[in-house]
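Hi,

Here is the structure I promised to pass on.

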Amino acid sequence: MNENAFAIKGDIVWSRHNHTLSWAKDGYLVVVDGVVQGVYQELPAEYEGIRIVDHTGKLVIPGMNDIHVHAPQYSFRGMGMDLELLEWLNTHTFPEESKYADLSYAERAYDIFSDDLLHSPTTRAVVFGTMHVEPTELLMDKLEATGLKTYVGKVNMDRNSPDYLCEKDAATSLADTVRWLNDVEAKGYANTKPILTPRFTPTCSDELMEGLGKLKQERGLPLQSHLSENLSEIDWVHGLAPWSTCYGQTYEHFGQLDGEGKTVMAHCNYSTDEEIAILKKHNVFIATCPQSNMQLSSGIAPIRRYLVEGMNVGLGTDVAGGASLSMFRAVADLVGCSKLRWRLVDQNLKPLSTAEAFYIATVGGGAFFGKVGTFEQGYDADVLVLDDSGLRTTLECNPAERVERYMYLAEEGGRIVEKYVAGTRVL
Ligand SMILES: [Zn+2]
């Protein structure tokens with residue numbers, strides 16, 4: 001029998017492609033060589049004798065994919081949550097990110113971030129670093145050691161930033177980026193990959209945007225940034241790029257949505273019809289960040305519309321715009337925000353169900369990484385084993401209902417018992 005074959009026994013819950021939750025009580029999730037073979041009520045004869053990891057009574061669900069999180073902002077989570085985006089950036093974010101020029105500060109901060117991410121529901125993440133090369137490599141070293149799968153970006157910013165946190169010019173920023181990419185290639189990480197990271201249009205000169213677009217296409221790299229998060233930011237972009245007809249065009253124009261590598265844009269709270277057409281044309285992933293959208297008074301993304309349009313939608317915590325690193329909390333916030341949008345903004349877009357938000361957090365964002373986010377055959381075995389016995393109730397709930405409760409109540413007594421990434425146990 002293949003040593004890399006095992007089955008996790010428990011109450012298994014996962015999303016199918018139609019956004020509904022499937023479940024198997026006392027089922028078997030069979031994993032071979034890191035890949036899901038299927039979920040079975042009875043173990044098929046061909047798997048007789050494989051190692052059984054017995055978690056009878058516990059919930060077994062796919063890992064969560066956080067496709068927008070800022071590692072250097074982890075330290076000041078929960079602070080300045082009464083400010084708006086641009087004010088918050090100047091008061092908290094930029095001063096804090098400048099501290100990462102000091103490797104010993106970065107070491108302490110990234111130790112905490114990596115360790116907390118490992119213990120969170122997240123199995124894969126798309127992460128912003130800072131503009132500094134060595135500290136970003138240090139972050140990558142630490143994330144690599146956790147066994148979580150991540151994309152990490154050295155941030156580019158050469159204008160409209162405070163003197164203490166601004167690259168000298170486009171040429172310096174691009175040269176640093178190439179140096180970083182070459183270093184990362186030499187390190188040969190198994191779990192950690194680079195992603196180009198123009199902070200957002202306001203802080204990147206045209207020359208820098210163009211250089212990053214070229215680099216993306218030449219090297220087939222993925223790219224992440226921010227898009228249409230906040231109304232003042234959108235006005236600012238129109239002022240900086242008067243030739244553009246929408247914010248999304250400022251990335252498209254410089255070739256940043258082209259090439260082999262995928263692109264993920266955080267927020268998209270105010271995307272116009274034209275911007276939506278651009279995002280669809282280039283198969284851009286939208287990282288919706290409901291908690292951050294609330295805390296920084298940014299807005300509410302029309303996620304129902306993006307789903308109807310067949311777009312790629314994943315979920316992000318956007319720490320520290322979002323205070324919580326918990327993707328369970330993000331699922332609950334996503335549902336709540338969609339309800340407010342339906343009630344206050346547009347009654348044509350019906351709110352999201354918890355099952356749909358769970359789908360977005362698992363399968364939706366998982367697609368950025370490949371075949372990730374569900375327990376259908378052929379998907380990477382990213383698994384969370386959850387103990388929900390601390391969430392006491394008199395109700396007789398089925399496994400899907402227990403997962404629904406867990407999303408909302410995890411912090412009141414839920415516990416992650418084990419965690420696997422592509423079949424490897426990391427916790
Ligand atoms: Zn962000």
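Below is what I found, starting with the metal site.

Keep in mind that this is a predicted model. The zinc ion has His68 (NE2), His70 (NE2), His226 (NE2) and Asp318 (OD) as its protein donors, at 2.1 to 2.6 Å. Along the chain they follow the spacing H-x1-H-x155-H-x91-D. His68 sits in strand E5 (residues 64-70), while Asp318 comes from the loop between strand E14 (312-315) and helix H11 (327-344), so this pair ties together parts that are 250 residues apart in sequence. Both His68 and Asp318 are buried.

What about the geometry of the 4 donor atoms around the zinc ion? Their angles run from 83 to 171°, so the arrangement counts as irregular. A tetrahedral label would need every angle to lie between 85 and 135 degrees.

Asn283 is not a glycine, yet its phi is positive, about 55°. Asn283 belongs to the loop between helix H8 (273-281) and strand E13 (285-288), and with 55% relative accessibility it is exposed. Ala422 also has a positive phi, near 45°, without being a glycine; you'll find Ala422 in the loop between strand E16 (415-421) and strand E17 (424-425).

Then there is helix H12 (residues 354-366). Its 13 residues span 17 Å from first C-alpha to last, close to the expected 18 Å. Even so, H12 has a kink of about 40° centred on Ile360. Is H12 buried or exposed? 13 of its 13 residues are buried, so H12 is largely enclosed by the rest of the structure.

On cysteines, there are 0 disulfides in the structure. Cys337 is in none, and the nearest cysteine sulfur, from Cys289, is 11 Å away. Cys337 is buried at 7% relative accessible area, whereas Cys397 is partly exposed at 22%.

Finally, the annotation: UniProt (an unreviewed entry) places the feature "domain: Amidohydrolase-related" at residues 59-388. In the model, the end C-alpha atoms of that span lie 7 Å apart, and the span is 43% helix and 16% strand.

Cheers

Note on methods
Residues are numbered from 1 along each chain as its sequence is written. This is a predicted model: local features need pLDDT of at least 70, side-chain atom pairs count only at pLDDT 80 or more; totals for chains, interfaces and linings use all residues. Side-chain values use heavy atoms; hydrogens and water are left out. Helices (H or I, at least four residues) and strands (E, at least two) are DSSP runs, numbered from the N terminus. The expected span of a helix is 1.5 Å times one less than its number of residues. The bend at a residue is the angle between axes fitted to the seven residues ending there and the seven starting there. Buried means under 20% relative accessible area, exposed over 50%, partly exposed in between (1.4 Å probe, protein chains only). UniProt positions are given in the numbering used here, feature names are shortened, and annotations may be inferred rather than shown by experiment. A disulfide is a pair of cysteine sulfur atoms within 2.5 Å. Donors are N, O and S atoms within 2.8 Å of the metal (3.2 Å for Na, K and Ca); water is not among the atoms, so sites may look incomplete. Four donors count as tetrahedral if all angles lie between 85 and 135 degrees; four count as square planar and six as octahedral if opposite donors are over 155 degrees apart and all others between 65 and 115; anything else is irregular.
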